[in-house]
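Hi there,

Here is the structure I promised to send over. Have a look at it first, and then read on for what turned up.

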Amino acid sequence: MTPTYLLDMAFPALAEFMARLGQPAYRARQLWRWLYVGLADDFEAMTDLPADLRRRLSQEATIHALHLLEEKVAPDGLTRKGLFSLPDGERLEAVLMLYRERATVCLSTQVGCAIGCPFCATGLGGFRRNLSSGEMVEQVLHFSRLLRDAGRDWTGVTQVTNVVFMGMGEPLANYEATLEAVRRLHDPTGFNLGARRMTISTAGIVPGILRLAEEDLPVNLAISLHAASDDLRDTLVPLNRRYPLDELFRALQAYTERTRRRVSFEYVLIAKVNDGPVHAQLLARRLRGFLGHVNLIPLNPVPGLAWQAPPRPVVEAFKGILEKAHIPVSVRLERGVEIAAACGQLRAQKKD
Ligand code: SAH
Ligand code: SF4
């Protein structure tokens with residue numbers, strides 16, 4: 001019998017599971033707290049549960065679907081990337097980025113991705129499967145335990161403060177599980193991470209954006225734009241053929257009106273592809289009057305692809321054009337280039 005994966009359960013399901021084992025509700029609450037507040041690594045650590053219950057749990061349940069295969073740490077120690085295997089042999093990546101007062105986990109929502117952006121290592125590998133909510137949450141718990149045990153020696157931050165759904169996969173193509181993971185991490189009786197500290201990044205799945213607008217959860221929304229004209233975006237983000245820019249921006253307008261929240265735009269700069277002054281002007285025109293911040297991300301080169309990041313002055317010129325048009329913009333330096341930390345790259349390297 002395969003053990004029940006407890007991280008896939010919201011509290012009511014966990015309480016039901018414990019009731020089936022003949023346990024009262026307060027035991028379920030204890031277990032819940034061990035998982036999400038105590039960050040227990042195994043049942044043995046749950047010292048206020050009776051020994052026979054711990055034994056029973058370890059026979060019938062598990063709190064691990066992820067098995068760490070490899071960890072890469074950037075030379076400055078501030079970016080750590082984990083490559084994990086899953087029970088069915090699939091692999092995923094998650095990254096921890098440390099800042100002075102922040103520790104951000106970048107998590108995967110799918111193994112692979114069906115959208116197939118040609119500059120993305122994940123997209124190039126095709127789609128394998130969706131991750132479950134527990135498999136997403138466990139990525140965060142893994143780094144939370146690391147931070148609890150060692151964060152003081154790193155930057156002094158001992159807990160995960162932010163979560164971005166920007167690893168492998170398209171979160172809104174795995175909508176239910178992604179939202180379940182957001183809720184689980186947000187739950188004030190458990191991990192208790194503020195919704196505003198979570199960011200969902202999407203290539204632009206319009207129905208998902210409209211659905212997200214109706215949720216009562218103030219998560220941040222980031223849109224991977226990469227081009228402001230349909231002909232170019234059709235090639236960089238193939239999903240654009242299904243949801244072209246006008247339709248995407250109508251959905252974003254509805255989203256901001258409904259939620260009163262601003263969205264942010266990711267724009268990966270690729271030398272001689274989308275980094276010229278005309279591209280910047282088109283982008284400025286597209287965003288005029290729209291509440292939104294632009295993150296410019298110089299391409300993290302993918303082995304085997306000829307594309308490169310533009311030289312620094314080109315990035316600055318692009319930024320300058322947006323600034324002149326009063327569009328809030330920043331350049332996000334790719335973290336962990338040395339350890340292939342961009343989306344899907346480590347998994348692609350380790351294909352055997
Ligand atoms: N599928 C979602 C979320 C995962 S990708 C999305 O596309 O938004 C997260 C971000 O990483 C996206 O903005 C994506 O365009 C960017 N990205 C992918 N490959 C990259 C690369 N080689 N260099 C820099 N950014 C990359
Ligand atoms: Fe998928 Fe995002 Fe990569 Fe595009 S950039 S292939 S949407 S993971």
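A residue counts as near a molecule if one of its heavy atoms lies within 4 Å of it. Please keep in mind that this is a predicted model.

Let's start with the ligand. Which residues come nearest to ligand 1? They are G169, S201, S224, H226 and N300, out of the 19 residues around ligand 1. By type, the shell around ligand 1 divides into 9 nonpolar, 7 polar and 3 charged residues. Two strands, β10 (198-202) and β12 (263-269), each give at least two residues to that shell.

- S201 has a polar side-chain atom 2.6 Å from an oxygen atom of ligand 1.
- S224 has a side-chain N or O atom that is 2.6 Å from an oxygen atom of ligand 1.
- H226 has a side-chain N or O atom that is 2.7 Å from an oxygen atom of ligand 1.

How much of ligand 1 does the protein cover? On its own, ligand 1 has 540 Å² of accessible area, and the protein covers 93% of that.

Now for a pair of helices. The axes of α10 (residues 277-287) and α11 (residues 312-324) come within 9 Å and cross at roughly 30°. Angles under 35 degrees count as roughly parallel, so α10 is roughly parallel to α11. As for handedness, α10 passes α11 in a right-handed crossing.

Methods:
Residues are numbered from 1 along each chain as its sequence is written. Chains are lettered from A and ligands numbered from 1 in the order in which they are written. This is a predicted model: local features need pLDDT of at least 70, side-chain atom pairs count only at pLDDT 80 or more; totals for chains, interfaces and linings use all residues. Side-chain values use heavy atoms; hydrogens and water are left out. A polar contact is a pair of N or O atoms within 3.5 Å; within protein, one must be able to donate a hydrogen and the other to accept it, and residues adjacent in sequence count only if both atoms are side-chain atoms. Accessible areas come from the Shrake-Rupley method with a 1.4 Å probe; for residues, only the protein chains shown count as cover. Helices (H or I, at least four residues) and strands (E, at least two) are DSSP runs, numbered from the N terminus. Ala, Val, Leu, Ile, Met, Phe, Trp, Tyr, Cys and Pro count as nonpolar, Asp, Glu, Lys and Arg as charged, and the others, Gly among them, as polar. Axes are lines fitted to C-alpha atoms, for helices over the stretch in contact, and angles run from 0 to 180 degrees between N-to-C directions. Angles under 35 degrees count as roughly parallel, over 145 as roughly antiparallel, 65 to 115 as roughly perpendicular and the rest as oblique. A crossing is left-handed if the near helix is turned anticlockwise from the far one by less than a right angle, and right-handed if clockwise.
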